[in-house]
Protein chains: 2
Amino acid sequence: MKKFLNSPDTVIDDALAGIAAAHPGLAVDTRQRIITRARPTRPGRVALVSGGGSGHEPLHGGFVGTGMLDAACPGEVFTSPVPDQVLAAATAVDSGAGVVLVVKNYTGDVMNFEMAAELAEEEGVRTATVLVDDDVAVRDSTFTAGRRGTGATLFVEKIAGALAEQGGDLQAVADIGRRVNAASRSFAVALTACTTPASGRPGFDLADDEIEVGIGIHGEPGRSREKLLPARDLADLTVRTVLEDLPLSSEDPAIVMLNGMGGTPLLELYLLFGEVAARLSERGVTIARSLVGNYVTSLDMAGASLTVCRADDRMLELWDAPVSTPALRWGL
Amino acid sequence: MKKFLNSPDTVIDDALAGIAAAHPGLAVDTRQRIITRARPTRPGRVALVSGGGSGHEPLHGGFVGTGMLDAACPGEVFTSPVPDQVLAAATAVDSGAGVVLVVKNYTGDVMNFEMAAELAEEEGVRTATVLVDDDVAVRDSTFTAGRRGTGATLFVEKIAGALAEQGGDLQAVADIGRRVNAASRSFAVALTACTTPASGRPGFDLADDEIEVGIGIHGEPGRSREKLLPARDLADLTVRTVLEDLPLSSEDPAIVMLNGMGGTPLLELYLLFGEVAARLSERGVTIARSLVGNYVTSLDMAGASLTVCRADDRMLELWDAPVSTPALRWGL
């Protein structure tokens with residue numbers, strides 16, 4: 001294993017020190033492992049808290065800031081944060097208006113955020129949970145009952161975060177988050193497996209001409225192993241799979257993200273996005289907004305995921321609202 | 001070789017199609033291979049044009065937009081754009097106030113931009129060239145007489161671009177660009193070699209416990225091959241090497257970039273930046289501004305570079321000025 005690290009045991013603490021040094025607009029509690037905005041929540045504003053295993057950066061810490069999250073709780077690599085950590089984050093950012101918890105659908109995360117929500121309610125912090133389960137690749141998996149939560153997490157955090165910033169109440173912010181998740185689907189392919197610092201070896205072996213289709217963000221198995229295809233055929237497969245599950249008419253404005261898994265350079269992501277855009281266009285889909293880059297990653301995995309949200313005018317308006325976080329920034 | 005591509009011969013054209021689809025704020029001339037802002041240059045404003053071989057994305061196309069470049073000319077992978085291409089870009093964006101050409105110091109780029117500048121002058125377009133040569137690793141190399149141009153290119157393009165946006169004249173914009181370059185130094189380490197689409201194989205072999213120290217952005221050899229070190233020791237080596245060449249007092253505000261080479265995930269970049277920040281702090285250096293991410297890459301190479309600019313108040317002010325490009329955006 002060749003990685004920039006001191007020891008597999010200190011990866012998260014060391015990375016948090018770097019995040020703290022890089023972003024004066026964030027406050028990083030390295031002891032409790034909570035990343036919040038440096039400024040406290042405006043009284044009466046609903047707060048958004050998310051979190052999950054580390055290894056998906058910039059998700060979630062990179063999405064903390066004006067117009068998006070109030071706090072992120074990074075767990076160990078590919079491991080849910082603990083309930084006390086989520087509780088401490090919720091308590092820290094609650095202004096009295098309540099906290100929306102954005103949870104990716106993995107068994108550990110669901111359980112720990114549920115426990116944190118109960119503890120928070122006991123401490124007088126109202127919570128509402130938005131569960132993200134957008135990945136159409138598999139119904140159940142190693143880590144999940146139901147669909148996995150992947151790229152749509154960014155869409156939920158951006159759009160619900162914008163409504164919270166505009167003064168939406170707890171119910172309204174959670175509702176729009178749930179609507180965004182319900183309108184979003186993702187599908188991913190991997191060219192290589194990722195290597196966790198703890199194991200030091202790739203999670204699985206792929207031959208030089210093989211890809212894993214329908215991969216998750218923890219290196220868990222996908223739908224099938226296939227021969228490497230040209231980008232246009234991979235784009236066709238990916239677009240077809242997503243649209244089978246999410247019918248779109250040409251009137252629906254789509255928010256489209258072509259996301260890298262961490263080890264794939266931007267040149268290839270743009271190339272693949274060009275093919276995805278062409279395939280979507282052939283099927284009459286209108287790309288209203290798009291993102292191309294590494295946003296919801298899986299350590300050093302080479303690969304990419306496509307996330308499509310069938311947006312409506314309200315979602316687009318909230319998507320366009322100002323945001324200022326380390327990884328997503330416009331209008332501010 | 002496993003990459004997202006259709007054919008090694010069409011990588012640049014296909015990627016340009018993706019850039020065009022992803023960024024409505026840009027105009028992409030796929031025939032001439034020129035990326036410009038969608039809106040024409042404001043009359044009387046100096047324009048900035050850069051370019052170079054592809055494979056370093058988001059450099060340069062990702063830096064086209066308000067407050068930074070007016071045009072980028074991507075060549076083939078690791079190959080200079082041709083003079084006619086640079087000429088066409090300069091002519092397209094000149095508003096009459098002249099064009100600053102930002103050129104990384106590689107023999108092919110220097111020659112082709114020089115030829116383009118001569119042709120432009122013949123067509124009545126005034127030009128001034130800023131040569132970037134910040135890499136302290138080697139004095140001459142496979143592709144260079146003198147030092148190589150790497151990460152400081154971003155600093156030059158941001159700061160000179162801000163002055164152009166504020167109405168600086170041709171001489172002033174070129175001058176500040178040259179001052180930024182003179183005040184900047186870079187140094188890089190690679191954990192793996194990159195694979196060009198044309199060759200299909202890594203440019204060199206590194207053992208599982210080896211790194212290449214002082215690597216360039218084309219996979220050209222560095223200073224030495226060493227055993228893999230913990231992040232804190234790599235940070236120490238890198239900081240020491242840069243500061244030997246760029247003395248900094250605690251009064252100098254430093255702009256610091258910890259840049260990924262394309263295949264290194266953000267988690268590791270943050271971790272390494274934490275160590276770099278600590279080593280800089282020990283040496284009394286004040287980090288005034290910082291960037292952590294993949295900005296000046298080398299295809300899929302795993303590795304990182306450190307760039308430090310000994311800024312002054314004017315440079316900081318221009319650094320903070322609004323910018324709106326695909327890869328760098330704040331204040332707008």
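**Entry 1: cavities**

I began with the largest cavity, which has a volume of about 190 Å³. I note at the outset that the model is a predicted one. My search of the whole structure for cavities of 30 Å³ or more returned eight.

I then asked which residues lie nearest the centre of the largest cavity. They are Ile19(A), Ile35(A), Glu57(A), Gly61(A) and Pro74(A), out of 19 lining residues. Two or more lining residues come from each of helix 1 (11-22), strand 3 (47-54) and strand 4 (71-77) of chain A, and from helix 7 (266-282) of chain B. Helix 1 of chain A gives the largest share, four residues. By class, I recorded 12 nonpolar residues, six polar and one charged in this lining.

I looked up the second largest pocket and found a volume of about 1,300 Å³. It is lined by 42 residues, and the closest to its centre are Thr192(A), Asp300(A), Thr192(B), Ala193(B) and Asp300(B). I sorted the lining of this pocket into 18 nonpolar, 10 polar and 14 charged residues.

**Entry 2: a sheet in chain B**

I traced an open sheet of six strands in chain B, with the order 1-2-4-3-5-6 and mixed pairing. Which strands stand at its edges? They are strand 1 (26-29) and strand 6 (127-132) of chain B; each has a single partner strand, so one side of each is without a neighbour in the sheet. From one strand to the next, I found a twist that averages 20°.

Strand 1 and strand 2 (residues 34-37) of chain B are antiparallel and share four bridges. Within this pair, Val28(B) has Ile35(B) as its bridge partner, and Asp29(B) stands opposite Ile34(B). The two strands form a hairpin with four residues between them, and in the turn Arg33(B) has a positive phi of about 60°.

Strand 2 of chain B also runs antiparallel to strand 4 of chain B, to which two bridges join it. Here I noted Thr36(B) opposite Ala71(B) of strand 4.

**Entry 3: backbone geometry**

I checked the loop between strand 3 and strand 4 in each chain. In chain A this loop contains His60(A), and the peptide bond from Leu59(A) to His60(A) is cis, with omega near -10°. In chain B the corresponding entry concerns Pro58(B), found in the loop between strand 3 and strand 4; the peptide bond from Glu57(B) to Pro58(B) is cis, with omega near 10°.

Leu299(A) is not a glycine, yet its phi is positive, at about 50°.

**Entry 4: the two copies**

How do the interface residues of the two chains correspond? I found that 100% of those of chain B are also interface residues in chain A, so the copies meet through the same surface.

Conventions: Residues numbered from 1 in each chain as written. Chains lettered and ligands numbered in written order. Predicted model: local features only at pLDDT ≥ 70, side-chain atom pairs only at ≥ 80, totals over all residues. Heavy atoms only, no water. 1 Å grid on protein atoms, 1.4 Å probe; cavity = no way out; pocket = protein on both sides within 12 Å on 5 of 7 lines; lining within 4 Å. Points joined across faces, edges and corners; volume = space filled by probe spheres on them. Nonpolar A, V, L, I, M, F, W, Y, C, P; charged D, E, K, R; others polar. Pairing = 2+ DSSP bridges. Axes fitted to C-alpha atoms, helices over the stretch in contact; angles between N-to-C directions. Contact = heavy atoms within 4.5 Å.
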